Structures are given as structure tokens and as C-alpha cells.
Amino acid sequence: MGETLSQLGSREDENKSILPHDPASGSNTTIYASNGSSKSFSSCVPCQRAAGASFVTCPTCQGSGEIPRELEKQLVALIPYGDQRLKPRRTTLFVFLAVLICLVTSSLIIFFLFPRSIAAQPAGLNSSNVAFDKTDVHINLTSILNISNSNYYPITVTQLTIEVLHLSLVVGQVSNSLLLHIGPLASEQMFYAVANRIQDENTRKICTWLKIKVHHVLLHIQGTLTYTCLSHSEQLVFQSYEYVDCRENKSVPHLLVPHPP
């Protein structure tokens, strides 16, 4: 009998509100039972309304209580451990897609930015003009140079240096500053002129002796092409050998070589 009275007394104590009862706000206090038990308790006690203060509905009181509006952003939401929002979904798929996108992007960057060859191919003479003085042979040459860009980015030709040799001696040289733009996978054809002076008595006799039917002089042309691409400068060396008809006052135009494909 004593144990029964003790249990009833404890239940009555549990049913009592922890906070003192306020008659002015008793109608707004919510009492509800917790899950899995028959115990009831006070979920919240409404705040006293101050003059001019703003209040919002308290979400933890099931809409039956109020809190000051300035404390609304300080509420902390508790999510159950078994909530689906805490369980990652399709993580493997997302990781695979991220790795695949990185690999494809890197491969494309390497493919398009990988440096390829720049070709400078001499295409022969366009014209030549020959003149003589008492001891020398003067030959003015106009030659053709084909430049091909095999890269997927443009290049800019900035300088062309030409040196002409005859019998291992330099007979003419020229250096031109250029600004020639060549697009990706494109080619351009350019002309350059060199004034040569051959100071060789035997060569002069070959060019002026009428009994000789062939008046050809072999010239060795060496060139250096400077170009810029991707913010750095590079040089390309080329050379060619040309036979020039050195008869007096002969201007020999040659057929133009078409652009390389």
C-alpha cells in the first residue's frame, strides 16, 4: 500500500511544470506526451510580450509558443541519426564523374597545347637581277619562303635573318623585322630580297664570257626564322641551294610555288 502511494506521488510530481505557473500566460503553455511513454511535460513557456517587441512562432513548440524575432536565427535544428539526409547517395557515381571530367579536360588541354613542328620551306627564286662593275658581280635575289603552322594555336613571325654564301664566303646578308600572324593549322608564303656582291674574278669570267653557254652561279642560302607562340620565342633554321643565271642585266621571274596544303 505504501509503495502504491509513493508511485502515485512521483507521477504527480512529474506532471507538475518545472517552471512556476504564470496565470497571465497559462493559456499559451503547451503540454504534450513524449514518444514511447505516458509522461507529459511543458515543452516551452512563452516569453512575456514587451511593448513594441516583435515575436515569431516557435517551431519547437509545435506552433503554440513564441520567441523574440531577434533570436530566430539562433535556433538549432536537431536531425535524427537515421534521417535519410545524413546518408550519402550516389557518392561513387559522383566521384567517378568528377575523375572522368578531370581526365577528359586534362587530355584535351594536352592535345591542343602540345607543341608541334613549325616548317619553313624555301620555295626557290622569284626573280634575280644581275649587274657587273670592273671587278665584282652584283646579284639581287628575291626568294620565296613557305611557313606552315601545325599547331592548334596561332604563331607570330617576328624576324627573318638571311645569309647568302658563295664558295664558302658570305656575299650577302639581310635581317628583317616582321609581324606576320599565322593561324592554327595554316600556312603563309612570304618574299624576301637579298643584295649579293661576289668578289671573285673566276666567277665574273664565267658570267661574262660569251663562249660559255651556261652562266650559272651556285649560291648557298641560310636563314633563321624567329617566331613567338604561347608567350615564348623560338628560332627555326633552314637552308637551300640555288643556281642563279648570272648573265648581264637578266631578270628572270620564276613561277610561284603554291601554298603547302
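Student: How many salt bridges does the count come to?

Tutor: Bearing in mind that this is a predicted model, the count comes to 2 salt bridges. One of them joins the side chains of D136 and R197, with 2.7 Å from N to O.

Student: Which residue does K205 bridge to?

Tutor: K205 forms its salt bridge with E201, and the closest N and O atoms are 3.7 Å apart. Both residues are in helix α3 (residues 201-208), where a spacing of 4 residues separates them by about one helical turn. K205 is partly exposed at 47% relative accessibility, whereas E201, with a relative accessible area of 55%, is exposed.

Student: Switching to rings: how many aromatic pairs does the structure hold?

Tutor: It holds 3 aromatic pairs. Among them is F111 with F112, an edge-to-face pair with 5.2 Å centre to centre and 80° between the planes. Another is F112 with Y152, also edge-to-face, at 5.2 Å centre to centre and with 90° between the planes.

Student: What does the F112 and Y152 pair link?

Tutor: It links distant parts of the chain, 40 residues apart, with F112 in helix α2 (residues 91-113) and Y152 in the loop between β6 and β7. F111, F112 and Y152 form one aromatic cluster. As for accessibility, F111 is partly exposed at 41%, F112 is partly exposed at 38%, and Y152 is partly exposed at 35%.

Student: Which charged end sits over the ring of F111?

Tutor: That of R116, which is 5.1 Å from the centre of the F111 ring.

Student: Last topic, the sheet: what is the strand order?

Tutor: The order is β8-β7-β10-β11, an open sheet of 4 strands with antiparallel pairing. Its edge strands, β8 (169-182) and β11 (232-245), each pair on one side only. Neighbouring strands are turned by 15° against each other on average, direction ignored. Within the sheet, β7 (residues 155-166) and β10 (residues 216-229) pair over 9 bridges, and the bridge partner of V157 in β10 is Y227.

Conventions. Residues are numbered from 1 along each chain as its sequence is written. This is a predicted model: local features need pLDDT of at least 70, side-chain atom pairs count only at pLDDT 80 or more; totals for chains, interfaces and linings use all residues. Side-chain values use heavy atoms; hydrogens and water are left out. A salt bridge is a side-chain nitrogen of Lys or Arg within 4 Å of a carboxyl oxygen of Asp or Glu. Helices (H or I, at least four residues) and strands (E, at least two) are DSSP runs, numbered from the N terminus. Buried means under 20% relative accessible area, exposed over 50%, partly exposed in between (1.4 Å probe, protein chains only). Two strands pair if DSSP finds at least two bridges between them. Axes are lines fitted to C-alpha atoms, for helices over the stretch in contact, and angles run from 0 to 180 degrees between N-to-C directions. Rings of Phe, Tyr and Trp (its six-membered ring) pair if their centres lie within 6.5 Å; planes under 30 degrees apart count as stacked, over 60 as edge-to-face and the rest as tilted. A charge sits over a ring if NZ of Lys or CZ of Arg is within 6 Å of the ring centre and within 35 degrees of the ring normal.
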